[in-house]
Amino acid sequence: KSTAHTNWVEKFMKNNQCSKVGKVNFPKHTGININMMPFIMGDINSIPKEYRCYKDIINSCNIHTSEIGKIGYLTITESFVNKGKPQRRGGIHTEKTPMHSWGGDGGEAWGGKSGLFMSSNISDSCQIWDYYVDIPGLGGDCSHLRDKLGKGIKMSSNELYWMTDSCPHESLELKSDCMRQFFRLVTSDVGVWYEKHSTKNKLGVNPGCKIIKENKFKNAS
């Protein structure tokens, strides 16, 4: 069992990879578009003022005390999306890749120490599966597992979810034209930070991991 995805059968029934955290309220959209911007978890002043309108959602994330003071990563995407198009990366994938973590797997207590938080203001625009993928494909791709995964959980609007970076999910095609707001907070267990695809924090907070200057999708790792 040395090829990619060989641990799928053994890990398939390992759930508790995602859970609802609670309801949140999105602020009025202003066209924010930041990706993996580093900030200090627990310190709202480490976030530029124009993004602090998301303070209440950030505070709704049940970040473990062991993560407070460490570097987290904030993604906010506010954009108009045409019917039949996904706002973000399509296809089933995990945030973890074969080479790098992207938030962590929860630590010793599922849902307790690490992972990431996601929410959207549009229902049925993101689907997740409560499964653990031990070795995803390149770039975290899990498209080969679609038939095995079965029916996923479609996130409702304004519902905040926690998940591990081993939890498969996908951005769905929108049912109608809409202004979608997407929120994601990734905790500190991140292997690399891609400079070309990420947002620098103008307040000087630097990533807490290795910085990669090359194109993230060059080798899809």
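A: Start with Glu195 and Lys213, whose side chains meet in a salt bridge at 3.3 Å, N to O. A salt bridge here is a side-chain nitrogen of Lys or Arg within 4 Å of a carboxyl oxygen of Asp or Glu. This pair links distant parts of the chain, 18 residues apart. Glu195 is in the loop between strand E10 (192–194) and strand E11 (210–212), while Lys213 is in the segment after E11. The names follow DSSP runs, numbered from the N terminus: helices are H or I with at least four residues, strands are E with at least two.

A word on the basis. This is a predicted model, in which local features need pLDDT of at least 70 and side-chain atom pairs count only at pLDDT 80 or more, while totals for chains, interfaces and linings use all residues. Residues are numbered from 1 along each chain as its sequence is written, and side-chain values use heavy atoms, with hydrogens and water left out.

Back to Glu195. Its side chain also meets that of Lys200 in a salt bridge, at 4.0 Å from N to O. Glu195 counts as partly exposed, at 26%. The cut-offs are plain: buried is under 20% relative accessible area, exposed is over 50%, and partly exposed is in between (1.4 Å probe, protein chains only). Side chains of opposite charge can pair when their charged atoms come close.

The count comes to 8 salt bridges. One of them joins Lys23 and Glu159, with the closest N and O atoms 4.0 Å apart. This pair also links distant parts of the chain: Lys23 is in strand E1 and Glu159 is in strand E7, 136 residues apart. Lys23 is exposed, with a relative accessible area of 58%. Glu159 counts as buried, at 9%.

Two strands pair if DSSP finds at least two bridges between them. Phe117 has Trp162 in E7 as its bridge partner.

A second open sheet has 3 strands, in the order E6-E5-E8, again with antiparallel pairing. Strand E6 (153–154) and strand E8 (169–171) are its edge strands, each pairing on one side only. Strand E5 (residues 126–128) is joined to E6 by 2 bridges. Gln127 stands opposite Lys154 in E6.

Next, the rings. There are 3 aromatic pairs. In one, the rings of Phe26 and Tyr54 have their centres 6.0 Å apart and their planes at 85 degrees, so the pair is edge-to-face. Phe26 lies in the loop between E1 and E2, and Tyr54 lies in the loop between E2 and helix H2 (55–60), so the pair ties together parts 28 residues apart in sequence. The rule takes rings of Phe, Tyr and Trp (its six-membered ring) with centres within 6.5 Å; planes under 30 degrees apart are stacked, over 60 edge-to-face, the rest tilted. Phe26 counts as buried at 16% relative accessibility. Tyr54 is buried at 0%. Phe26, Tyr54 and Phe183 form one aromatic cluster.

Finally, step back to the whole chain. It has 3 helices and 11 strands. Of its 221 residues, 49% count as buried. Among contacts (heavy atoms within 4.5 Å) with a separation of 6 or more, 84% are between residues 24 or more positions apart. The protein chain exposes about 10600 Å², and carbon and sulfur atoms supply 48% of that area. Accessible areas come from the Shrake-Rupley method with a 1.4 Å probe; for residues, only the protein chains shown count as cover.
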